[in-house]
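Subject: Handover of a protein structure

Dear colleague,

Please find the structure below, together with an account of what was found in it. I would be grateful if you would read the two side by side.

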Amino acid sequence: MSTIDQSRHLATAIPGPKSSALIERKAGAVARGVGTTMPVYATRAGGGIVEDVDGNRLIDLGSGIAVTTIGNASPRVVEAVAAQAADFTHTCFMVTPYEGYVAVCEHLNRLTPIAGEARSALFNTGSEAVENAVKIARTYTNKQAVVAFDHAYHGRTNLTMALTAKSMPYKSGFGPFAPEIYRAPMSYPYRDAEFGGKELATDGELAARRAISVIDKQVGAANLAAVIIEPVQGEGGFIVPADGFLPTLLDWCRKNDVVFIADEVQSGFARTGAMFACEHEGIEPDLIVTAKGIADGLPLAAVTGRAEIMDAPHVGGLGGTYGGNPISCAAAVATIETIEADGLVARAREIETFMKERLGRMQADDDRIGDVRGRGAMIAVELVKSGTTEPDADLTKALCAGAHAAGVIVLSCGTYGNVLRFLPPLTIGDDLLEEGLDVLALVLKDL
């Protein structure tokens, strides 16, 4: 259990003097392109609280962007990391391998919803894992084209920027991008209802046929190595596709020798009330990409998939100096043990029920909340101008700023910059969740 008092407390204004001094130091030392969401500097964290250098205790509804799913400094992780660091910090798995890497892959092969025998490979970041998934798919199919979707986010490297849909701040000025990347329309029920009618918004199979039509015309299955999709989109706005969208896409991929890649970097490891978001629709992708919540804050990522596909690259074709670092592997094993031993998949479902009920009441009282959506502890509200469905990015920005000033960590996202996303650690208490949402409601009312 965390030793930090699990209560919101403002010892100073946000930011306080010590954080302000560090903000000035950052300006003189860190590249301008590295931005920060909150004007505070953390010193401790645990449970549902982040404490800053000025003694302010903030309610954490962000989890470091879905990373500290089991809480900051989770006891099993702390113990496992300390023990591994005392033994050795690095040897490089490609030089002198170690059991921890193998153990993580065994856990992933057991847990990940993959049809038949599975294999895994470990990397450092979600972007790196996505790139490797594409490499594997291209090797296996002997084809080159890759299709991603509207509102997608897959990373900040050159290839993953090409896969990502949103220009600012991720792509603008950084091209040219990797070739043979194409884009298809996503199932976005709230917006599809506006532009395509109720049937398109609720019929996932229909929305999938729209996407498949674009793929057939613009790419052609004979040229297509892979389709990559987030089962619940992250940066794009926590978009949950209509029921039937993912299974229909997967069925088309199987019939056309196209590798179906599920990017579960943000939605994996109990975040959505299932170990993986794919499970909500009962689909078994060919490859699944994971990172973020896999090791509770230590850098680790993975590609897990059908053995015949994962084994397609030649020996030496996959790897990297730090991929599957032994300390990160120790943290991952402890993270998985904690999720299973502490019933955190079920806890994510409890958080969904709690948050949707509370946010639903707020929506009923305020038509600027256009939509409440998400799964598990991956919940969002889409903010619009009163009486319309027009995105309101200014309101979203102001609401975030007000919540931050009041000591609540929240994040925005969405193609239109008008979505407020909630990613609380699964270890947070209901009292902190309720207080955080109470603060949000008061700020929204003031605005």
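**The loop between E8 and E9**

Ala270 is found in the loop between E8 and E9. Strands here are DSSP runs of E with at least two residues, helices are runs of H or I with at least four residues, and both are numbered from the N terminus. This is a predicted model, in which local features need pLDDT of at least 70 and side-chain atom pairs count only at pLDDT 80 or more, while totals for chains, interfaces and linings use all residues. Residues are numbered from 1 along each chain as its sequence is written, and side-chain values use heavy atoms, with hydrogens and water left out.

Phi of Ala270 is near 75 degrees, a positive value in a residue other than glycine. Phe269 is found in the loop between E8 and E9 as well, and its phi, near 60 degrees, is also positive. Most residues other than glycine have a negative phi, and most peptide bonds are trans.

Are these residues buried or exposed? Ala270 counts as buried because its relative accessible area is 0%, and Phe269 counts as buried because its relative accessibility is 1%. The term buried means under 20% relative accessible area, exposed means over 50%, and partly exposed lies in between (1.4 Å probe, protein chains only).

Pro285 lies in the loop between strand E8 (259-263) and strand E9 (287-290). Pro285 is buried, because its relative accessible area is 0%. Leaving aside residues up to four places away in sequence, Pro285 touches Pro113, Ile114, Leu250, Arg254, Phe260, Ala262 and Cys278; a contact means heavy atoms within 4.5 Å. Gly374 is 89 residues from Pro285 along the chain, and their C-alpha atoms are separated by 21 Å.

**Two cis peptide bonds**

The peptide bond from Ile14 to Pro15 is cis, with omega near 0 degrees. Pro15 lies in the segment before helix H1 (17-29). The bond from Gly175 to Pro176 is cis too, with omega near 5 degrees, and Pro176 is found in the loop between helix H6 (158-163) and strand E6 (181-184).

**Helix H4**

Helix H4 covers residues 99-111, and its 13 residues should span 18 Å at 1.5 Å a residue; the end C-alpha atoms are 18 Å apart, which agrees. The expected span of a helix is 1.5 Å times one less than its number of residues. Within H4, the buried residues are Tyr101, Ala103, Val104, Cys105, His107, Leu108 and Leu111. What do the buried residues of H4 pack against? Their partners are strand E4 (118-123), E9, strand E10 (301-306) and helix H12 (326-341).

**The whole protein**

There are 15 helices and 15 strands in the protein. Of its 447 residues, 55% count as buried. A compact globule with 447 residues would have a radius of gyration near 22 Å, and the protein has 21 Å, which agrees. That radius is taken over C-alpha atoms, and the globule rule is 2.2 Å times the number of residues to the power 0.38. Along the principal axes, the C-alpha atoms fill a box of roughly 60 × 60 × 45 Å. Among contacts between residues at least 6 apart in sequence, 74% join residues at least 24 apart.

Yours sincerely
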